[in-house]
Amino acid sequence: MSGKPKLYYFDGRGKMESIRWLLAAAGVEFEEEFLETRDQYEKLLQGGSLLFQQVPMVEIDGMRMVQTRAILSYIAAKYNLYGKDLKERALIDMYVGGTDDLMGFIIMFPFLSAEDKEKQLAVIVQKATSRYFPVYEKVLKDHGQDFLVGNNFSWADVHLLEAILMVEEKKSDVLSGFPQLQAFKARISSIPTIKKFLEPGSQRKPVPDDKYVETVRRVLRMYYDVKA
């Protein structure tokens, strides 16, 4: 294993999308192998590549890494997106954890029934506007800096922008009451590596569709509403 990181996942967002975002933010090119059949998945299992029998899996620096949070932490540290000291790292972990909680409501959305999607949409908007976005609005206002932690671009900023855009796909005016986050979104989106990732033709994945859902269900043999 050498050269570019290689990502093993489905041709869609899921839990791998945040890894794509962070690598892109760091300006790191990566390759992808998309799981389309059960046989591909079984081969990874039988070869011992999936430590806990789960994807995402990333080959990087001679390692086969699993567990999304471990992968993201490694990338953030390797590419100086994890703060300058232990205190900043703790803040980044805290903010990323909160953003993860919000993202969890969205990642499971494509796998829900039509009736449950309607309910979940209301939950997503309510959680974003009353629990999560107010926190980041206050953080940005209180310290008056361009970024969430210190005054340096970090994993926390990448993760928050990803979450903002995901929620906006569900409700386009969700930031209407959050001027600090509106400015943050514009500022982070203009960072060259982020701007490139947001352009058409990048490795950023679109909103999950029925084909993605069916592929995940078929490969993982999931025939009920699940989080993937």
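Q: Which exposed residues does the face of α2 carry, turned away from its buried side?
A: In this predicted model, that face carries Asp-39, Lys-43 and Gln-46. Each is called exposed because its relative accessible area is over 50%.

Q: Which residues of helix α2 are called buried, and what makes them so?
A: In α2, which spans residues 38–46, they are Arg-38, Tyr-41 and Leu-44.

Q: Why are the buried residues of α2 said to lie on the same side?
A: The buried residues are Arg-38, Tyr-41 and Leu-44. They cover an arc of only 125° around the helix axis, so they fall on the same side of α2.

Q: What covers the buried residues of α2?
A: The cover includes strands β1 (6–9) and β3 (57–60) together with helix α9 (210–220). Following α2 comes Gly-48, which has a positive phi near 80°.

Q: Why is Ser-49 counted as buried?
A: Its relative accessibility is 12%, and the cut-off for buried is under 20%, so Ser-49 counts as buried. Ser-49 sits in the loop between α2 and β3. Leaving out residues up to four places away in sequence, Ser-49 touches Leu-44, Met-57, Arg-64 and Val-66.

Q: What is the order of the strands in the open sheet, and which strands stand at the edges?
A: The four strands are ordered β2-β1-β3-β4, and their pairing is mixed. At the edges stand β2 (31–34) and β4 (63–66); each has a single partner strand, so one side of each has no neighbour in the sheet. From one strand to the next, the twist averages 20°.

Q: What makes β1 and β3 a pair?
A: Two strands pair if there are at least two bridges between them. β1 and β3 are joined by three bridges, so they count as a pair, and they run antiparallel. In β3, Val-58 is the bridge partner of Leu-7.

Q: What makes β3 and β4 a pair?
A: They have four bridges, where at least two are needed, so β3 and β4 pair, in the antiparallel sense. Met-65 in β4 is the bridge partner of Val-58. Two residues lie between the strands of this hairpin, in which Asp-61 has a positive phi near 55°. Helix α3 (residues 68–78) lies across β3 and β4 and runs at about 125° to β4.

Q: Is Ser-73 buried or exposed, and what makes it so?
A: Ser-73 has a relative accessible area of 19%; the limit for buried is under 20%, so Ser-73 is buried. Ser-73 is in helix α3. Neighbours within four places in sequence aside, Ser-73 contacts Tyr-82 and Trp-155.

Q: Why are α5 and α7 called roughly perpendicular?
A: Helix α5 (residues 114–143) packs against helix α7 (residues 179–189) at an angle of about 80°, and their axes are 8 Å apart. Angles of 65 to 115 degrees count as roughly perpendicular, so α5 and α7 are described that way.

Q: Which residues of α5 and α7 meet?
A: From α5 come Phe-133, Tyr-136, Glu-137, Leu-140 and Lys-141, and from α7 come Pro-179, Gln-180, Leu-181, Phe-184 and Arg-187.

Q: Why is Arg-187 called partly exposed?
A: With a relative accessible area of 25%, Arg-187 falls between the limits of 20% and 50%, so Arg-187 is partly exposed. Arg-187 is in helix α7. Not counting residues up to four places away in sequence, Arg-187 touches Leu-140, Gln-145 and Asp-146.

Q: Which residues does UniProt list for "domain: GST N-terminal", and what are the helix and strand values there?
A: The UniProt record, an unreviewed entry, places this feature at residues 3–83. Over residues 3–83 the chain is 36% helix and 20% strand, and the end C-alpha atoms are 26 Å apart.

Q: Which residues does UniProt list for "domain: GST C-terminal", and what are the helix and strand values there?
A: The unreviewed UniProt entry lists residues 85–209. Over residues 85–209 the chain is 69% helix and 0% strand, with 41 Å between the end C-alpha atoms.

Terms used: Residues numbered from 1 in each chain as written. Predicted model: local features only at pLDDT ≥ 70, side-chain atom pairs only at ≥ 80, totals over all residues. Heavy atoms only, no water. UniProt positions renumbered as here; feature names shortened; annotations may be inferred. Buried < 20%, exposed > 50% of the residue type's maximum accessible area, 1.4 Å probe, protein only. Arc of directions from axis to C-beta. Contact = heavy atoms within 4.5 Å. Axes fitted to C-alpha atoms, helices over the stretch in contact; angles between N-to-C directions. Parallel < 35°, antiparallel > 145°, perpendicular 65-115°, else oblique.
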